[in-house]
Amino acid sequence: MRAVLLIDFGSTYTKLTAVDLDTAQVLATADDFTTASTDVMIGFEKALKELQVKTGDITYEKRLACSSAAGGLQMIACGLVPALTAKAAKLAAFGAGAKVIKTYAYELTKSDVDEIDQKNPDILLLTGGTDGGNREVIEHNARMLATAKSAFPVVYAGNRASVDVCRDILHSDLHPVFTTDNVMPVLNKLNILPAQAVIRKIFLEKIISGKGLSQEKGLIEGIIMPTPAAVLAALTLLSEGTEKQRGIGELVAVDLGGATTDIYSIAKGLPNNASTVLHGLREPYAKRTVEGDIGMRYSAKGIIEAAGIEEVARISGLSETTISEFLARIEEDKSIIPQTEEEIAMDYALAALAVRTGLIRHAGVLEQVYTPVGPAYQQVGKDLTEVSNIIVTGGALIHSPDYQEIVREAVNVPDEQILIPRKAEVTKDKQYILSAMGLLATYHQDTALKILINEFGKDGVYAAS
Amino acid sequence: MEKKSLIIGVIGADVHAVGNQILYFAFREAGYEVINLGVTVSQEEFIEAAIESKADAILVSSLYGHGELDCQGLRDKCNEAGLKDILLYVGGNIVVGKQPFDEVKQRFVNMGFNRVFAPGTSPETTIAALKEDLYGEK
């Protein structure tokens, strides 16, 4: 047996997955509370003991870890126009597995810099201007950032013409500058992979040690990526496959948590109709978005604000008063588990509306334009209506027996101009292994794919050719 | 000399794509950096593209007769967005019916367009105008 141990230091749970490379099987999984406030190794050891009970005594040839503990990778994105480079910067940071705590557009002000100091990001992504485009704003922003008192590395991924000027202005011990390709070299064209590679490198070299997460050196090879980046890597592999084995094709994934909701799409999302014109930024093939105001507990209020209390009432069959009362109780006690029929109905409605809101914000929209030659359509963002696989993960959905109905309810949106998936099949990440497989893919891609397809593929359809 | 850059596109709910492609090739051939936004372009898209790519001129096409409605306020929005001196051109079949072009032109000049081109203008005419306005060459 060739065993590998995969570790996910999550914000709440530390999850371990043991894999046998020879048989491409998950041997066992185990979890315990993450103990980031003291020493993460305490929670890790407890989970490991539990795992050993299941697997017996085995030697691991490799230990790989990802982390979203201690706040995860917190980033600030700066761009020029909100719908262009600021959005490109945000998408780049999301794709790198970061939590984007703030996005700025146009010139930074003194109070913006104060706010940045107070937010104290792990990394700041500085963009603005296409290559050869606007220089004034990014150079102004570099000068402003140089006055920041907090220490953070800066990834420069803006107008190529300003790179030297900005590095000279900004580079210091407090703000080391890492330069890379422009996130939007040509108008509306995204180029976010180079920036993501640099972010990941900084995460590895600087941030992990700063968060007290590297004491486990020797035990494991170290934390190689933020958890969402591992999930994105697993989903991309599952969708595309390798040269040897086909993947399952385009997919959408939903990670519904207590505080946030992550949506992933691995899909081209081009218009399905020849008469539809694509507008705005061409979005990434592997796209991740995070809704910081949408979650089952810490952000339950955000769900109701976004979807409307009438909609919660309609789906749950409860009165608005009952909903408000339950919400108040959630605000009191975030660890509340639904017991009564009413509470279960309420949680069902919250989950469906969280998934719906996340999907609607992630997917594109179709706008109808009346022209003298008849109606025409323009599409902004990705068209996911034809994507046939939906994968659900995150505690709230994994532990719900109603996850199929929740997703079906979520995508039941009458407005056809909202381009969310419409008739997809839902599969559950029942063993909670997505992040582990993203890690394994960096070491043994074929095995990771085999396990993923066993878990999420339909029987026989995707057999190796 | 650094290449001057132009934003082109067909404004409003207008889907006439052929002339737009012809202009794209003609302006590129003439040595400009051309950012083509295609058809059904809103005023905001023209402006955002011009900011991000620091364009020297915005060339608006309108072929379906609603140009006057679609173009109103574009200069004001450019000013608001900090594109104070950007060159604005408009051309195509910009109004409905057979109106005297001089009157039409005056209305668009009043809206803040630097140049207004009559239906059937050849790309060469516009290229000559650009040369004069951007490089001061006659």
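**Reading the terms in chains A and B**

Mentor: Of the 138 residues in chain B, 46% are buried, where buried means that 20 or more other C-beta atoms lie within 10 Å of the residue's own, exposed means 12 or fewer, partly exposed is in between, and C-beta atoms are placed from the backbone. This is a predicted model, in which local features need pLDDT of at least 70 and side-chain atom pairs count only at pLDDT 80 or more, while totals for chains, interfaces and linings use all residues. Residues are numbered from 1 along each chain as its sequence is written, and chains are lettered from A and ligands numbered from 1 in the order in which they are written.

Trainee: What makes chain B as compact as a globular protein of its length?

Mentor: The radius of gyration of chain B is 14 Å, close to the 14 Å that the globule rule gives for 138 residues, so chain B is as compact as a globular protein of that length; the radius is taken over C-alpha atoms, and the rule is 2.2 Å times the number of residues to the power 0.38. Along the principal axes, the C-alpha atoms of chain B fill a box of roughly 45 × 30 × 25 Å.

Trainee: How many helices and strands does chain B have, and in which pattern do they follow?

Mentor: Chain B has six helices and five strands, counted as DSSP runs numbered from the N terminus, with helices being H or I of at least four residues and strands E of at least two. Read along the sequence, the pattern is β-α-β-α-β-α-α-β-α-β-α.

Trainee: Why do S2 and S5 of chain B count as standing at the edges of the sheet?

Mentor: The order in this open sheet of five strands is S2-S1-S3-S4-S5 (chain B), with parallel pairing, and two strands pair if DSSP finds at least two bridges between them. Strand S2 (33-36) and strand S5 (115-117) of chain B each have a single partner strand, so one side of each is left without a neighbour in the sheet. From one strand to the next, the twist averages 20°.

Trainee: Which helices lie across the strands of chain B, and at what angles do they run?

Mentor: Helix H2 (residues 43-52) of chain B lies across strand S1 (5-10), S2 and strand S3 (57-62), running at about 165° to S1(B), whereas helix H6 (residues 123-135) of chain B lies across S3, S4 and S5, running at about 170° to S4(B). Axes are lines fitted to C-alpha atoms, for helices over the stretch in contact, with angles from 0 to 180 degrees between N-to-C directions, and two residues are in contact if their C-beta atoms, placed from the backbone, lie within 7 Å.

Trainee: Why is Lys54(B) called buried, and why is Asn120(A) called partly exposed?

Mentor: Lys54(B) has 20 other C-beta atoms within 10 Å and is therefore buried, whereas Asn120(A), with 14 C-beta neighbours inside 10 Å, counts as partly exposed. Lys54(B) is placed in the loop between H2 and S3 of chain B, and its phi is near 45°, a positive value in a residue other than glycine. Asn120(A) lies in the loop between helix H3 (110-119) and strand S7 (123-126) of chain A, with a positive phi near 50°.

Trainee: What makes S1 of chain A largely enclosed?

Mentor: In strand S1 (residues 3-9) of chain A, six of the seven residues are buried, so S1(A) is largely enclosed by the rest of the structure. Seven bridges join S1(A) to strand S4 (residues 60-67) of chain A, running parallel, and seven bridges join S1(A) to strand S2 (residues 13-20) of chain A, running antiparallel.

Trainee: How do you know that the buried residues of H13(A) line one face of the helix?

Mentor: In helix H13 (residues 403-410) of chain A, the buried residues are Tyr403(A), Ile406(A), Val407(A) and Ala410(A). Seen down the axis of H13(A), they fall within an arc of 95°, so they line one face of the helix, the arc being that of the directions from the helix axis to the C-beta atoms.
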